[in-house]
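Hi,

Here is the structure I promised to pass on.

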Amino acid sequence: MRIRKQYITLFIALIFSAAVVAQTATVDQARMHLDMKEYKKAIELYEELYKKDGRNQEVYNGYLDALVGAKEYKDAEKLVNNQWQKSPGNAAMAVDMGRVLKEAGREKAAEEYFEKAITMLNGDDLLTQYIAKKFSELGRDDYALKTYQR
C-alpha cells in the first residue's frame with residue numbers, strides 16, 4: 001500500500017513537471033518567433049499563454065513587444081489596460097501605455113502617461129530603478145532622469 005502511494009505521488013509529480021516544461025517550451029517558442037520578427041506567430045503563442053497565466057510578467061512583456069512590433073496598437077492598448085486592471089497603481093503600466101501611444105504616433109498622449117508614471121512613484125527605490133530602466137529601454141533618458149529626481 002505504501003509503495004502504491006509513492007508511485008501515485010511520483011506520477012503526479014511527473015505530470016506537473018511535464019506541464020511546466022511544455023509551457024516553458026511554448027514561451028521559448030514565442031520568444032524565438034518574436035526575435036525573428038515573426039510577429040503573427042509570436043502573437044498567437046503569447047495570446048494563448050496570456051490566457052492561461054495573465055500575471056506572468058515574461059509572457060505579458062513578450063506579448064506587448066509582439067503587438068507593438070506588428071503595429072497592432074489597439075490590441076496593445078487593450079492588453080496594457082487589462083494588465084493595469086490586475087494591478088492598479090502600477091507605474092510600469094503607465095510607461096507601457098506611453099510606449100504604445102508613442103509608437104502609434106500619439107506623442108502628446110504618450111507624454112501624459114510618462115508624466116503619470118513619474119507621479120505614481122512612492123519612494124520605493126526598487127520601483128524607481130525599475131521605472132527608470134523602462135524609460136531608458138525606450139530611449140527616454142530624460143524621463144529616466146526625472147524618475148530619479150522625483
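Predicted model: local features only at pLDDT ≥ 70, side-chain atom pairs only at ≥ 80, totals over all residues.

**H6 and H8**

With that in hand, take helix H6 (residues 107-119) and helix H8 (residues 141-149): their axes cross at roughly 25 degrees and come within 9 Å. Angles under 35 degrees count as roughly parallel, so H6 and H8 are roughly parallel to each other. The crossing of H6 past H8 is right-handed. On the H6 side you'll find Glu-111, Phe-114, Glu-115 and Ile-118, and they meet Tyr-143, Lys-146 and Thr-147 of H8. Sorted by class, the residues of this contact are three nonpolar, one polar and three charged.

**H2 and H3**

Next, helix H2 (residues 39-52) packs against H3 at an angle of about 150 degrees, with the axes 9 Å apart. That angle makes H2 roughly antiparallel to H3. H2 passes H3 in a left-handed crossing. From H2, the contact takes in Tyr-39, Ala-42, Ile-43, Tyr-46, Glu-47, Leu-49 and Tyr-50, while H3 brings Glu-58, Val-59, Tyr-60, Gly-62, Tyr-63, Ala-66, Leu-67 and Gly-69. Eleven of the residues in the contact of H2 with H3 are nonpolar, two are polar and two are charged.

**H3 and H4**

H3 (residues 57-69) also packs with helix H4 (residues 73-86), this time at about 160 degrees and with axes 8 Å apart. H3 and H4 are therefore roughly antiparallel to each other. As H3 passes H4, the crossing is left-handed. Which residues meet here? In H3 they are Gln-57, Tyr-60, Tyr-63, Leu-64, Leu-67 and Val-68, and in H4 they are Tyr-73, Asp-75, Ala-76, Leu-79, Val-80 and Gln-83.

**The largest pocket**

Last, the largest pocket, which has a volume of about 230 Å³. Its lining is made up of Asn-61, Leu-64, Asp-65, Val-95, Asp-96, Arg-99, Tyr-130, Lys-133, Lys-134, Glu-137 and Leu-138. The elements that each give two or more residues to that lining are H3, helix H5 (91-103) and helix H7 (125-137). Which element gives the most to the lining? That is H7, with four residues. By class, the pocket lining has four nonpolar residues, one polar and six charged.

Cheers

Key:
Residues numbered from 1 in each chain as written. Heavy atoms only, no water. Axes fitted to C-alpha atoms, helices over the stretch in contact; angles between N-to-C directions. Parallel < 35°, antiparallel > 145°, perpendicular 65-115°, else oblique. Left-handed = near helix turned anticlockwise from the far one by under 90°. Contact = heavy atoms within 4.5 Å. 1 Å grid on protein atoms, 1.4 Å probe; cavity = no way out; pocket = protein on both sides within 12 Å on 5 of 7 lines; lining within 4 Å. Points joined across faces, edges and corners; volume = space filled by probe spheres on them. Nonpolar A, V, L, I, M, F, W, Y, C, P; charged D, E, K, R; others polar.
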